[in-house]
Amino acid sequence: MIPLNTDEGFSGPVVTTQAPTLDWWLLAPFLVVFGAGVLAVLFEAFVPAARRRGLQIAVAFLALLTTFVLFVLQAGSLPEEGATLVAGVLAVDRVVLFFQGTVAVLALISLVLITERRDGRDAFAAQAATVPGSEQERAHIMAGSQHTEVYPLVLFAVLGMFMFPAANDFLTMFIALEVMSLPLYLLCGLARRRRLFSQEAAVKYFLLGAFSSAFFLFGIAMVYGYAGSVNFAEVRAAVENGGAPAFDGGNGEPLMLMGVGLVAIGLLFKVGAVPFHNWKPDVYQGAPTPITALMASCTLVAAFGALLRVFFVPFGGSLELWEPMLWTIAVLTMVVAAIVAVTQRDVKRLLAYSSVVHAGFILTAVVAASTDGLAGAMFYLAAYGFTTLGAFAVLTLVRTRDGGQELGDIERWAGLGRRHPGLAGALSLFLLAFTGIPLTSGFIGKFAVFEAAVAAGATPLVVVGVLSSAVTAFFYIRIIVVMFFRDSEEEGPTVVPAGMLTGGVITVGVAATLTLGVFPGPVLDTLLPSDEAGPEPAAVMVDEASLERTAP
Amino acid sequence: MDPMNYIVLAALLFTIGAVGVLVRRNAIIVFMCVELMLNACNLAFVAFARMHGDIEGQVIAFFVMVVAAAEVVVGLAIIMQIFRTRRSASLDDANLLKN
Amino acid sequence: MIPWLTIAIALPAIGAVAVWALSRSRTPAADTAQTNRAEAAAGGGTDTITRVRPAQRSASAGAENAKRAAFGFSLATLAVVVAMALRFDTGASGLQFEQTHDWIPRFGVHYAVGVDGIALVLILLSAVLVPLVMLAAWREHEDRQDGGAGYFALILALQAMMVGVFAAADVFLFYVFFEAMLIPVYFMIGRYGRGEQRARAAVKFLLYSLAGGLIMLVAVIGVYVAGGTFLWTELTGSGGALAGIDTELAVWLFLGFFIAFAIKAPMWPVHTWLPDAAQASRPGTAVLLVGVLDKVGTYGMLRYCLELFPSAVSAFVWPVVALSLVSIVYGAILAIGQNDMMRLVAYTSVSHFGFITLGIFALTEQAQAGAALYMVNHGFATGALFLVVGFLVSRRGSAEIADYGGVQKVAPVLAGAFLVAGLAGLGLPGLAPFVSEFLVLIGAYAFSPVAAVIAVLGVVLAALYVLWMYQRTMTGPTPERLSGLKDLNVREKWAVGPLLALLIVFGLYPQPMLDAIDPAVERTVQIGTADAPAADGATAEEGGRE
Amino acid sequence: MAVVTHHAYLAAEPAAATAAGSPVLSFAWLLFALPLAGAAILLLGGRRTDKWGHLLGTLLPVASFVLAVLILFDLLGRAGDARSVSVPVYEWFTVGGFSAGVDLLVDPLSISFVLLITFVGSLIHVYSIGYMAEDPGRRRFFAYLNLFVAAMLVLVLADNFVLLFLGWEGVGLASYLLIGFWQYKPSAATAAKKAFLINRVGDLGLLVAMMIMFAVLGAISFSEVFAAVPGAGDGILLAVGLLLLLGACGKSAQLPLQAWLLDAMEGPTPVSALIHAATMVTAGVYLIVRAGPIFEAAPVAQTAVVTVGAATMLAGGIIASAKDDIKKSLAGSTMSQIGMMVLAAGLGPVGYVAAIAHLITHGFFKAGLFLGAGSVMHAMNEGVDMRRYGGLAPKMPITFATFGVGYLAIIGVPLLSGWWTKESIISATFGVGGTTGLVLGSAVVLGALLTAFYMSRMVFMTFLGEPRWEEGVHPHESPANMTVPMVLLAIGSLALGAFLMLGDRFATFLAPATGAEVHHFDVAHAFTAPYGLAALVVLVLGVAVAWALYLRKPVVETAPKGNLVTVAASRELYGNEINEGLVMRPGQVLTKALVVIEDKVVDAAVNGLGAGVRDSSSGLGRAQTGFARSYALTMLFGAVIVAATLAVRL
């Protein structure tokens with residue numbers, strides 16, 4: 001904290017003169033994405049519409065690729081115990097890099113979906129400002145105008161996602177959260193078709209998001225009040241010795257609790273845990289599918305990165321404090337979401353609920369609060385990210401016969417398997433991975449998180465988990481039944497040719513799902529932290545010593 | 001005087017904001033309630049900063065204001081868009097998306 | 001040293017992919033096949049097949065080749081397995097043809113395979129059944145655009161997993177196969193099944209098994225957490241990693257595994273998926289489902305429940321025996337009450353599986369050897385029965401008993417095969433199942449007279465449901481609509497003939513199989529007897545009640 | 001004492017050695033292998049074998065008979081107690097302490113059965129060539145007959161109970177196939193199933209008996225089991241005895257498992273002759289005699305045997321007296337005769353010889369009678385109602401002659417086969433002494449009375465009196481290949497008894513096997529002794545009554561309503577009704593009930609679970625109203641949960 005010359009009364013701080021030393025190398029990825037975003041905005045302003053799109057796409061891809069390469073290189077050079085940068089507002093270690101790298105890859109893939117065009121039109125409104133069905137809209141469509149703003153927005157969102165798990169104090173985390181969310185709010189409203197849905201999604205997402213971040217912020221305030229700082233390390237220290245000096249004899253406990261609770265609410269909203277999940281189905285359904293894909297994969301990864309960080313580092317010293325809470329939430333999430341999903345008819349809503357259930361599974365690993373739990377969650381997120389991207393990619397191809405907008409209603413997918421076995425087969429594979437059938441990545445992921453939970457003595461939680469995944473199986477299987485076992489009526493869907501881009505995404509999804517399912521060894525053993533692996537690689541994210549429970 | 005009073009006040013404002021979000025239909029007003037909640041946070045920060053006798057909290061408050069401003073920009077854009085489409089800013093009108 | 005088991009797993013797996021690829025290679029004529037699919041769908045029963053066949057012949061030559069390839073692969077697998085069996089040392093009691101490689105070091109997961117006598121005979125069973133099933137199903141799906149080649153690919157995929165599941169010497173690996181097996185079967189029922197209810201039946205089957213499997217997953221994890229490894233050889237035995245765990249934990253883990261196995265087995269009261277599945281299956285599917293897949297349940301009880309958690313066994317002996325007895329009688333009585341032959345046979349299997357589980361948990365050498373042998377014999381007998389019923393279905397498109405009668409007059413060979421298979425089912429001495437049934441019974445009597453006597457009721461009821469079905473379908477005056485019914489053709493004779501031959505051979509000379517099984521049984525039976533004082537006490541008191 | 005002699009003869013070691021030494025005995029397995037091969041060839045050979053199938057099928061049993069004779073001479077060439085030879089063939093199955101081998105026991109008892117089976121069997125094969133000439137399924141028929149002969153030989157040659165059970169079930173199967181040979185007749189199919197099922201109930205007894213033997217006595221081979229008998233508890237022995245009796249009842253149609261035999265007459269007549277008169281149905285007697293040591297050690301079981309035997313003997317007689325269907329009447333007679341044998345066998349060693357001897361002679365004359373009946377039916381266009389027969393004697397002299405001989409033999413006209421053996425049974429029963437002896441003895445005499453009556457009735461109604469033929473019936477004598485066997489059997493019926501009994505030939509021959517002390521059959525005494533006289537009296541009496549009722553006044557063509565007794569008798573003493581009431585109906589109810597339970601409870605539970613999930617799903621789903629503000633409310637509610645769960649630790 002910045003010291004005051006503590007005479008009575010308040011008279012400005014003694015501002016230190018020397019600037020903080022900046023580790024440009026570790027900072028580079030953030031700067032690249034940020035720079036690219038700014039650049040893209042400038043393009044919007046100065047580059048003629050005709051050449052904008054190509055340029056934007058080039059910049060976006062280039063930026064993301066570069067950052068990914070940077071992450072890989074950093075992973076090689078980074079000291080085992082990680083490092084903090086910019087006067088300790090950010091912290092990077094192997095684990096963080098894994099999250100960031102995953103986000104980078106998934107973002108790249110989503111970007112492919114975003115750039116995909118069908119007969120010259122991408123998934124976004126020609127001119128979001130125009131009223132749906134109005135003259136201007138038609139004019140804009142005729143003119144073939146389009147929102148290349150999508151790309152800078154995506155870049156900024158990704159920047160937020162990079163910062164979210166890397167934040168080393170609550171303020172940075174809050175800002176990262178906003179940087180990540182605000183562009184997404186906008187992106188949700190940009191769908192080309194069914195714009196009313198899209199706009200509604202945007203409004204809901206925005207208001208609820210703002211609402212939740214207010215909770216988050218108030219939580220930070222409470223924590224600050226209790227600990228006298230928002231820096232994770234200091235918060236942790238404060239927690240361990242009963243709060244800031246201002247509180248003698250730890251009577252600040254209520255503040256602490258409020259802090260933990262409200263911060264938790266903010267984060268749980270982002271990962272979409274029950275009962276903070278209501279936004280997910282609506283937003284996923286309303287948003288343009290490529291954006292849904294982006295949210296379902298990258299946002300979830302980043303949000304869980306942040307969640308793990310908060311609960312392992314600043315609050316890592318007081319497991320017994322928040323574990324009952326996460327237990328309850330995890331159980332609620334797994335059970336409620338699984339059950340509600342059973343009667344969904346719209347595929348996107350279904351996948352939304354499914355992602356809620358998966359969030360519940362990952363929470364069991366958080367509850368485990370161990371290196372294994374951390375590793376399990378990381379693997380799960382990566383695996384799930386690829387699979388879900390593939391699934392959404394498939395969705396973008398299945399259209400209604402009339403007007404050719406995406407066909408959400410499962411019941412009308414009958415006969416898809418017979419006419420397009422390849423596509424239906426791929427989707428089936430993804431669904432089986434969601435179900436957690438062996439030889440798919442989903443199974444290994446489930447095993448990893450559940451193993452951690454059981455090892456941490458959370459067996460009842462795991463039992464709930466397996467039961468609810470039995471329920472989820474029901475609706476995943478139903479899709480397969482409709483696609484393969486129902487005879488196709490004439491009102492069956494049409495399938496637009498996958499094309500290079502989307503086809504590529506699906507292929508990557510399949511490949512990842514199978515590889516991570518059959519040969520998870522490399523990822524599990526080299527990329528993820530583990531107790532065996534010599535010097536603690538997860539120094540910043542989780543430091544085992546401090547994760548001991550006070551024996552019940 | 002005891003900074004705790006400010007905290008209580010902040011909590012009050014926060015609650016008022018939250019309740020506002022729940023009871024008001026008009027999107028704009030709901031949004032303003034959210035802003036109110038953010039400002040409640042600011043008050044809390046400042047108060048705590050005072051209590052701890054450092055300025056970190058106050059610095060945070062400034063950050064929050066900036067963020068809030070950004071939120072306003074985005075939020076109003078979205079709300080305007082839907083308002084122009086539906087000719088109404090009532091949240092309850094917008095419920096096409098449901099089970 | 002040749003990796004026999006790996007070959008036996010890989011061969012069909014490769015085959016599956018190859019066949020699938022072949023079936024994908026669209027011949028131009030395949031579309032014409034598609035066109036007369038409609039007209040095929042119009043008519044029903046035999047005439048459809050006859051009508052479609054010529055078109056198909058010219059049409060999906062690709063499919064035909066694919067099927068031939070599939071058949072070839074299955075024969076090759078059989079050859080490999082037989083060759084392996086000949087090298088099997090019946091003296092040793094441990095695992096043989098072992099191989100162990102790290103797979104997922106982080107979780108102590110290995111690719112570890114190895115077989116003892118019991119696993120070996122079960123692998124043999126599956127290797128024998130698959131080609132026969134293919135023969136029987138050759139013409140079944142010709143009204144499909146892939147001419148049924150996809151079905152054959154699924155069979156091969158399933159075979160790879162069946163061999164794998166019996167050969168696995170690593171709990172995790174076993175679980176992987178155990179769960180993965182569901183998928184091909186799911187498609188075999190749901191996509192290539194028969195009747196309106198097939199999708200529903202497939203889902204029921206999958207969810208049922210999946211629920212069991214997921215519960216088992218918890219136990220599997222528990223084993224790892226408690227034992228620190230998945231390697232079966234390291235976990236079991238007096239010096240094994242699980243030797244030390246406290247009984248309560250052992251009981252819970254045992255239960256976790258047992259539920260999954262009981263569902264697979266299928267044991268009363270979690271058997272209800274089987275009749276639906278069987279009714280909706282093509283006979284070939286039913287053969288593999290009941291003949292081999294369900295054996296995984298009983299095999300698992302023997303290999304995993306008993307050997308991993310010996311300290312828990314005594315707690316389960318009586319409950320399981322009780323359930324087995326219920327299954328025996330209940331299944332038999334329900335079989336009597338059925339009107340659909342596929343359902344009927346399914347219920348008879350519930351009864352027979354009751355014998356197997358009874359034998360396993362009677363914890364005497366005769367009973368367990370009998371149970372192990374029963375698994376194989378039941379595979380042959382029920383397999384034959386399903387196939388013959390299938391031939392009827394392929395002729396009339398119905399499995400309703402009421403649709404038949406007097407078949408013996410027009411199709412004596414078919415009727416004869418039906419009768420032999422049925423007699424095997426009712427445990428007629430001279431046919432294979434008798435030996436196993438008898439062993440189970442005498443073993444069970446030594447364990448508990450009451451249990452054995454109740455079980456014998458099943459034997460009597462068996463005579464009723466078999467002979468009554470035979471009487472209603474094969475005897476009596478031949479109705480007009482059946483007068484044109486064709487007798488078995490050469491292909492069908494080759495499909496069912498070997499099974500009947502095996503039934504007779506192993507009925508008169510089962511010793512070779514018993515020699516293979518016995519050492520393994522001696523190993524497992526010690527477990528039960530070693531620490532099942534409760535069971536012994538119970539036996540004593542039962543004896544007193546006699 | 002008796003038990004001891006058993007051990008003496010059943011000590012397998014020396015016997016095995018002698019078996020190795022003797023070429024003939026080491027081929028004993030061919031006895032059943034030959035007919036079995038026949039069955040296999042005929043069944044697998046298919047139509048190709050139609051032409052010569054029946055010839056092969058006949059040849060093989062004959063071959064077995066020849067081999068049996070050779071073996072007989074081999075045995076006769078040995079000292080008395082070396083005459084029981086066990087011939088191990090191969091190990092069937094062995095697990096731990098349990099071992100069942102395909103081991104044969106060739107001893108006087110089994111060989112006499114083998115001879116009976118192969119001889120009568122061969123004759124009936126020959127007869128069938130003619131009888132089934134017209135039948136399209138003749139090949140199949142011969143295959144089944146061969147199968148039966150093989151199984152029956154396994155049954156009697158087995159050296160352990162499991163192998164015996166194999167034969168036991170084998171003959172059951174053959175009988176099932178042959179009763180239902182004309183499957184297109186629903187009645188035949190039903191009768192076949194009924195026979196098999198009731199036999200299964202009996203087999204249950206045999207199975208459980210074997211379990212007890214292995215569990216308690218530690219083995220299932222005759223020698224070991226009997227060796228263990230002295231050490232076994234009475235309860236065990238009693239249980240085993242009763243269970244074996246249950247088995248015997250099933251196979252030999254003794255009360256209460258008698259109901260199948262009369263229906264079994266649905267089968268072709270040669271089948272009735274071979275299986276349901278001469279051989280298979282006597283297996284029960286064989287079992288009881290073979291398991292003698294057990295019964296002798298369990299007096300209560302013996303009493304049970306005797307009671308069952310006596311009851312069946314009388315019941316059978318009554319039924320036979322009331323049936324108008326010639327075959328059913330004969331079947332009733334078979335029941336009655338076998339009842340008599342069982343009774344004798346129940347007396348222990350004293351009765352064994354008598355029982356077996358009567359069994360053999362009965363095999364001859366009853367087979368002869370059946371073949372005769374078959375020939376008559378042939379003549380009457382397969383009509384079986386004796387009320388539509390009459391006056392056939394002149395039309396078919398040979399049949400009449402042979403049938404007549406059989407008739408005289410069975411009713412026990414002195415010096416014919418039946419007389420010898422029946423006398424020895426009667427003497428044996430009275431020989432028991434005391435009231436028991438008196439009661440049993442008089443029961444047998446009563447049985448003899450009934451026999452005399454119903455058999456005379458049959459002959460009178462069939463061959464004598466006025467013709468009562470239906471239109472278009474032109475009786476004619478049967479062809480030679482049918483009459484020759486009848487003649488041969490008739491000869492047997494005349495002379496065999498004397499051959500066996502004079503000089504106690506059979507008793508001495510059988511003694512080492514049954515352990516019975518030979519006691520002399522005194523011909524003169526048989527006439528002078530009171531029971532001898534009684535037998536003669538009842539004989540005359542029975543014939544006289546029959547004459548009065550069925551010859552003196554003409555027989556009405558349709559059966560009169562009759563009184564309670566005759567109705568009950570013609571309804572087979574309500575055996576079927578009892579079975580239905582006690583077993584079938586409750587069984588059907590139970591089945592229906594369980595089917596419902598399965599559907600509405602067991603399965604419904606699972607489906608209900610699914611439905612429950614679906615309902616709660618749509619219920620919870622309503623929370624997703626689409627109103628942003630309600631979502632906010634949910635979040636607040638969530639905040640409460642979070643607060644609560646955090647507060648837990650305070």
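## Helices and chain contacts in a predicted complex

The end C-alpha atoms of residues 28–48 of chain B lie 30 Å apart, and this span is 100% helix and 0% strand. Helices here (H or I, at least four residues) and strands (E, at least two) are DSSP runs, numbered from the N terminus.

Before going further, a word on the model: it is predicted, so local features need pLDDT of at least 70 and side-chain atom pairs count only at pLDDT 80 or more, while totals for chains, interfaces and linings use all residues. Residues are numbered from 1 along each chain as its sequence is written, and chains are lettered from A and ligands numbered from 1 in the order in which they are written.

The UniProt record, an unreviewed entry, annotates "transmembrane region" at residues 6–23, 28–48 and 60–83 of chain B. UniProt positions are given in the numbering used here, feature names are shortened, and annotations may be inferred rather than shown by experiment. Two of these spans are set out below.

| Span of chain B | End C-alpha separation | Helix and strand |
|---|---|---|
| Residues 6–23 | 25 Å | 100% helix, 0% strand |
| Residues 28–48 | 30 Å | 100% helix, 0% strand |

Now to the partners. Chain B puts 39 residues in contact with 41 residues of chain A, where contact means that the C-beta atoms, placed from the backbone, lie within 7 Å. On the chain B side, helix H1 (4–23), helix H2 (27–52) and helix H3 (56–86) each supply at least two residues. H3(B) gives the most, with 17 residues. By class, this side of chain B has 29 nonpolar, six polar and four charged residues. Ala, Val, Leu, Ile, Met, Phe, Trp, Tyr, Cys and Pro count as nonpolar, Asp, Glu, Lys and Arg as charged, and the others, Gly among them, as polar.

Chain A also meets chain D, through 30 residues from chain A and 24 residues from chain D. Helices H7 (195–227), H9 (253–271), H10 (279–286) and H12 (319–341) of chain A each give two or more residues to the chain A side. H12(A) gives the most, with nine residues. That side of chain A divides into 22 nonpolar, five polar and three charged residues.

How confident is the predictor? The complex has an ipTM of 0.88 and a pTM of 0.89. Chain D averages a pLDDT of 85, and 96% of its residues score at least 70; pLDDT is the predictor's confidence in each residue, from 0 to 100. Over residues 1–18 of chain D, however, pLDDT stays under 50.

Definitions and conventions: Contact = placed C-beta atoms within 7 Å.
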